[in-house]
Amino acid sequence: MTAFQKSIEAAFKVFSRRNGLPVTTDSISEIQKLLNKVTKQELNLDPTLLENRLPCEGEAPVTYVRIVEHKIMTVAIFILREGKKLPLHDHPGMHGLIKVVHGSLNVKTYSALDQSMYQIPTSSEEDLHEKYGRKIPVVPAKLEGTWTCNESDDCMILTPQSGNLHEITAVNGTAAFLDFLSPPYCHERFSRDGYRPCNYFSESDSAQSDPDVKYIMPISAPRDYWCDEVEYTGPPVPLPPADL
């Protein structure tokens with residue numbers, strides 16, 4: 001069994017919570033150790049997808065490789081052309097792991113803050129209202145920082161409390177990363193599995209006294225971000241028992 005197959009098997013075990021145990025830093029680190037060993041060769045990524053080139057006119061800036069879609073988690077590969085990005089977006093109530101398998105990424109992360117504790121300054125609220133002609137529902141978030149990651153780095157861990165908003169940009173050429181998310185996004189508002197839509201944001205230019213506290217505002221999916229999709233051709237994926 002490859003490191004990738006072992007990481008999926010471990011992730012299903014941790015995220016299923018079948019044993020009644022919560023997801024912990026220690027349990028996630030077991031998945032991380034396995035993911036750190038995964039390579040693009042093991043995933044059998046088509047080398048032509050990883051060529052350093054800008055997308056042609058009308059070509060998607062991001063390629064999506066669907067691997068696992070399950071009620072417990074999703075696993076996929078994202079391939080970003082140079083300078084292209086996954087816009088700032090959230091992971092509501094989710095755990096995530098990101099492992100670069102080709103190239104380099106800049107990952108800018110934020111952590112959502114309690115809105116009752118961080119009120120946007122009245123002057124900034126008025127400026128946004130004047131600019132957009134309506135009240136803008138901004139969200140306070142702590143800027144955790146920007147990291148450059150490549151395939152030799154350990155995978156990044158995101159939790160429901162930390163780093164749960166991020167923006168990912170390919171630098172110095174095409175980049176590809178593995179993405180584990182649990183529980184997965186759910187866009188059905190009344191789903192029994194819970195409503196977890198993917199929301200996009202933009203950092204506002206609101207003034208604040210703390211330089212690490214930013215006010216971000218929800219936006220529609222950016223027009224310059226979309227994905228095409230290619231088939232997964234890597235090793236067989238172990239799936240959990242049907243009763244999970």
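**Cavity, bridges, rings and pocket**

Mentor: Let's start inside: there is 1 cavity of 30 Å³ or more. A cavity is a set of points on a 1 Å grid over the protein atoms alone, where a 1.4 Å probe fits but cannot get out. Grid points are joined across faces, edges and corners, and a volume is the space filled by probe spheres set on the points.
Mentor: Some ground rules. This is a predicted model, where local features need pLDDT of at least 70 and side-chain atom pairs count only at pLDDT 80 or more, while totals for chains, interfaces and linings use all residues. Residues are numbered from 1 along each chain as its sequence is written, and side-chain values use heavy atoms, with hydrogens and water left out.

Trainee: How much space lies in the largest cavity?
Mentor: About 30 Å³.

Trainee: And which residues line the largest cavity?
Mentor: I98, K99, V100, C149, N150, D153, D154, C155 and M156. A lining residue has an atom within 4 Å of a point. β4 (95-112) and β5 (139-150) are the elements that give two or more residues to this lining. Strands are DSSP runs of E, at least two residues, numbered from the N terminus.

Trainee: Which element gives the most to that lining?
Mentor: β4, with 3 residues.

Trainee: How do the residues of that lining divide into nonpolar, polar and charged?
Mentor: The lining of the largest cavity has 5 nonpolar, 1 polar and 3 charged residues. Ala, Val, Leu, Ile, Met, Phe, Trp, Tyr, Cys and Pro count as nonpolar, Asp, Glu, Lys and Arg as charged, and the others, Gly among them, as polar.

Trainee: New topic. How many salt bridges does the count come to?
Mentor: 7. A salt bridge is a side-chain nitrogen of Lys or Arg within 4 Å of a carboxyl oxygen of Asp or Glu. Side chains of opposite charge can pair when their charged atoms come close.

Trainee: Which residue does K85 form a salt bridge with?
Mentor: E167, with the closest N and O atoms 3.7 Å apart. This pair links distant parts of the chain: K85 is in strand β3 (residues 85-90), E167 is in strand β7 (residues 165-182), and they are 82 residues apart. K85 is partly exposed at 36% relative accessible area, and E167 is partly exposed at 23%. Partly exposed lies between buried (under 20% relative accessible area) and exposed (over 50%), with a 1.4 Å probe and protein chains only.

Trainee: What about K108, what is its partner?
Mentor: K108 bridges to E203, the closest N and O atoms being 3.9 Å apart. Here too the pair links distant parts of the chain, from K108 in strand β4 to E203 in strand β8 (residues 200-203), 95 residues apart. K108 is partly exposed at 25%, and E203 is partly exposed at 33%.

Trainee: Switching to rings. How many aromatic pairs are there?
Mentor: 5 aromatic pairs. Rings of Phe, Tyr and Trp (its six-membered ring) pair if their centres lie within 6.5 Å; planes under 30 degrees apart count as stacked, over 60 as edge-to-face and the rest as tilted.
Mentor: Take Y64 and F78: their ring centres are 5.2 Å apart and their planes are at 65 degrees, so the pair is edge-to-face. Y64 lies in strand β1 (residues 62-69) and F78 in strand β2 (residues 74-80), so the pair ties together parts that are 14 residues apart in sequence.

Trainee: Are Y64 and F78 buried or exposed?
Mentor: Both are buried.

Trainee: Which residues form an aromatic cluster?
Mentor: F4, F180 and Y232 form one.

Trainee: Last topic. What volume does the largest pocket have?
Mentor: About 610 Å³. A pocket is an open set of points with protein on both sides within 12 Å along at least five of seven lines. Of the 30 residues that line the largest pocket, Y64, T74, L181, Y185 and H187 are the closest to its centre.

Trainee: Which element gives the largest share of the pocket lining?
Mentor: β7, with 5 residues. The lining of the largest pocket divides into 15 nonpolar, 7 polar and 8 charged residues.

Technical notes. Helix = DSSP H or I, 4+ residues; strand = E, 2+ residues; numbered from the N terminus.
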